[in-house]
Structure formats: C-alpha cells, structure tokens
Amino acid sequence: MFGSKPLKIGLIGLGKIAVDQHIPSINANKKLTLVAGCSPSSRPDGVKAYNSYEEMVAAHPDIEAIAICTPPQVRHVIAQQVINDGRHVFLEKPPAATLGEAMAIKALAAQKGVSLLASWHSRFAPAVERTRQWIASRKLKSVVVHWKENVRQWHPGQKWIFEAGGMGVFDPGINSLSIVTRILPGAVMVKKADLHIPGNCEAPIQVEMDMLTTNGVPVRAEYDFLQTGIQTWSIFVESEAGEKLTLSMGGAELEIDGQVMAKEKEAEYPGLYAHFHDLIKSKSSDADFEPLRIVADAMLLGKRITAPDYIE
Ligand code: NAP
C-alpha cells in the first residue's frame with residue numbers, strides 16, 4: 001500500500017464538516033485520494049456520491065480508509081461495519097454517542113489490525129502545543145473555559161444536535177475539553193455541572209461546570225449555545241505567579257500577559273489527515289476518549305435544569 005500510490009479514502013456523511021474541511025483537506029494532500037462518498041441525501045460538488053456505504057464499496061472495493069463524518073448517534077454501527085471489512089477508520093469527534101460504543105470501536109480496530117484515529121481537531125489548532133509547553137513549566141492557579149456560540153448561526157437544521165446522543169452544547173464544548181486534556185497535566189474530574197435542557201430537547205443548551213485536576217487545579221467551564229454578538233472559544237489560564245495566558249479562537253490565537261504570541265489562520269484538518277496517514281503507515285492508532293469521558297461524567301453528575309423551549 002505504501003509505495004508511491006496515494007491512500008484511497010471514502011467519506012461517510014457528506015454534510016457541513018465533510019464539505020468545509022474533509023474534502024478540501026484530502027484533495028490538498030498528495031498522499032491521499034478521495035475516491036467517493038456516501039450520504040442519504042447530500043450531494044456536494046466534486047465528490048462521486050452514493051446512497052450507502054455498501055453501494056460505495058461495491059463500486060470502489062479498493063477504498064482503503066474511511067472517514068466517518070455523520071452525527072455521533074450512528075457512528076458505532078458504521079464504524080463496526082467498516083472495521084469488519086478491514087478498512088482503516090477516521091472518526092469525526094465525538095468518537096461515538098457513548099463511552100461504551102467508543103471503547104467497542106477501539107477494541108474491534110485492535111482485534112482486526114486496522115488503524116483508528118478518534119480525531120480531536122482542536123488539538124491541531126496552531127497555538128495548543130505552545131500553550132502545553134508554557135503550562136508544563138509552571139504551577140497553575142486556575143483555568144477558565146468560555147465556549148459560547150450561536151447554535152442558530154453555526155448549526156442550522158442540525159436537529160440531531162439536541163436529540164439524545166447529540167450532546168447539545170457539548171458538541172462544540174467537547175472541543176475545549178480536547179484542548180484542556182491535552183494542555184493540563186493530570187486527569188480532569190467533574191465536580192459539579194448545571195445542565196440547562198430546553199423542555200422540547202434531550203440535550204443541554206447551556207452548561208456551567210466546575211472541574212478539578214488530579215494536581216489540584218480548578219477548571220471552570222461555561223458553555224452557551226445561545227450566544228449572540230461576539231462568539232467566544234477561549235481558555236484563560238493563570239499561574240500561581242500571576243502570569244496570564246489566553247488561548248482564543250479555538251486555539252488559533254495566543255496571548256501571554258497582554259502580548260500577542262500567535263495569531264494564525266485555522267489549519268486543523270490538514271494536520272489531522274497527515275496524522276491519519278502516519279498512523280496507517282506505522283500500523284498504529286490514536287484513540288483517546290478523555291474528552292468524551294468528561295462529558296459522560298457531567299451527564300452522570302450534573303443537575304438538570306429545565307430551560308425555555310428551543311425554536312430554531
Ligand atoms: P451535518 O451537517 O448534519 O452532516 C451530517 C451528515 O451525515 C449529513 O450529511 C447526513 O446526511 C449524514 N448522515 C446522517 N446519518 C447518516 C448515516 N446513517 N449514514 C451516512 N450518512 C449519514 O453535521 P456536521 O456539522 O457535518 O457534523 C458531523 C460531525 O462532525 C459531528 O459529530 C460534529 O460534531 C462534527 N464536526 C462538525 C463541525 C462543524 O463545524 N459543523 C466541526 C468539527 C466537527 P444527509 O445530509 O445526506 O441527509
């Protein structure tokens with residue numbers, strides 16, 4: 001497989017993220033070829049599209065790897081089928097609707113000897129590694145997460161997001177947790193969570209959560225899907241010495257003590273696809289479920305508060 005020929009990739013789920021990120025990132029990588037995609041109804045330009053995975057692989061049995069870009073609720077069943085067929089798998093985030101499903105996917109991939117990437121695109125944001133290094137040499141006083149966006153602007157028509165397993169505001173919020181679990185030493189434990197769930201929905205629209213790392217650092221997170229005006233995807237870190245770091249724009253911008261250290265354009269998916277290719281080449285996997293575990297813990301421990309109905 002790893003001669004001069006590009007790796008042949010198929011996509012399942014041809015919605016927003018497939019169009020915005022997966023298709024252009026695969027097309028821009030010379031080591032990859034986008035062979036085809038499948039989706040019940042979406043038919044984006046420039047992709048040979050089929051109604052189902054079965055139809056797609058019947059027409060293109062040479063597809064070696066699949067990126068699953070569906071909503072999380074159907075990911076486990078699809079991943080199982082793809083892995084049983086001996087194909088490598090790139091899972092969009094979150095890796096599945098439950099921790100149990102994610103663990104089953106990981107075990108099956110190991111058993112079948114295929115590579116699995118449970119992707120966390122925000123970990124590939126340009127300033128995340130620099131933030132991790134800054135934190136590594138300091139004692140921290142506190143961490144605060146503000147992940148506040150307008151669901152009507154960013155997720156129009158995505159009914160699945162407020163259905164059971166869609167995770168509501170944790171759908172974007174889990175991206176912040178993927179960064180937090182990368183940059184902080186020690187595990188992150190949920191201590192308290194207020195889950196505001198609209199009366200006509202099954203998943204939260206706003207969450208306030210208090211966490212504590214096993215090193216004793218308090219982490220406060222505020223997630224809001226009803227944010228209008230300025231949209232915020234920021235993490236504020238304060239050291240015991242009083243230094244202040246702000247990682248903003250989902251990890252693209254970094255400010256330390258008021259000084260801009262990085263202000264870069266988002267380029268997460270090209271990095272993710274290069275990583276996926278490397279994993280397959282080295283016959284390995286990358287499947288860390290800590291961000292999903294924290295969301296699951298919040299759902300276990302959290303207090304449910306009924307919020308006004310959500311009307312799109
Ligand atoms: P979306 O626009 O609703 O797209 C999901 C697509 O999956 C739709 O095109 C839908 O089909 C397809 N689909 C649903 N059930 C399927 C099935 N059983 N088999 C095959 N295809 C199926 O949602 P999205 O925004 O792309 O999000 C998808 C995933 O990517 C989510 O887990 C999300 O967290 C993640 N993600 C999204 C973003 C973002 O900015 N939107 C960013 C990063 C990650 P049809 O349209 O054909 O009916």
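Helices here are DSSP runs of H or I with at least four residues, strands are E runs of at least two, and both are numbered from the N terminus. The model is a predicted one, so to speak for the views below: local features need pLDDT of at least 70, side-chain atom pairs count only at pLDDT 80 or more, and totals for chains, interfaces and linings use all residues. Residue numbers start from 1 along each chain as its sequence is written, and side-chain values use heavy atoms, with hydrogens and water left out.

View 1. H8 itself covers residues 268-281, and its 14 residues should span 20 Å at 1.5 Å a residue, which agrees with the 20 Å between its end C-alpha atoms. The expected span is 1.5 Å times one less than the number of residues.

**View 2. The buried side of H8.** Buried (under 20% relative accessible area, with exposed over 50% and partly exposed in between; 1.4 Å probe, protein chains only) residues of H8 include Glu268, Tyr269, Leu272 and Tyr273. Phe276, His277, Leu279 and Ile280 are buried too. Their packing partners include helix H1 (16-27) and strands E1 (7-12) and E2 (32-38). Strands E4 (65-68), E5 (88-91) and E6 (116-118) are also packed against.

**View 3. The largest nonpolar core.** A nonpolar core is a set of buried Ala, Val, Leu, Ile, Met, Phe, Trp, Tyr and Cys residues joined through side-chain atoms within 4.5 Å. Among the 78 residues of the largest one, Met56, Phe170, Met209, Met211, Tyr223 and Ile235 touch the most other members. Helix H7 (residues 170-183) supplies the largest share, six residues. Domain 1 (7-120 + 268-287) and domain 2 (122-264 + 296-307) both give residues to this core, so it lies between them.

**View 4. The two domains.** Domain bounds come from an automatic or database domain assignment. The centres of domain 1 and domain 2, taken over C-alpha atoms, are 26 Å apart. Contact (heavy atoms within 4.5 Å) links 13 residues of domain 1 with 17 residues of domain 2.

**View 5. Around the ligand.** The ligand is surrounded by 25 residues (each with a heavy atom within 4 Å), and the closest are Ile17, Ser39, Ser41, Ser42 and Asp171. For Pro40, a backbone N or O atom lies 3.3 Å from a ligand oxygen atom.

Methods:
A polar contact is a pair of N or O atoms within 3.5 Å; within protein, one must be able to donate a hydrogen and the other to accept it, and residues adjacent in sequence count only if both atoms are side-chain atoms.
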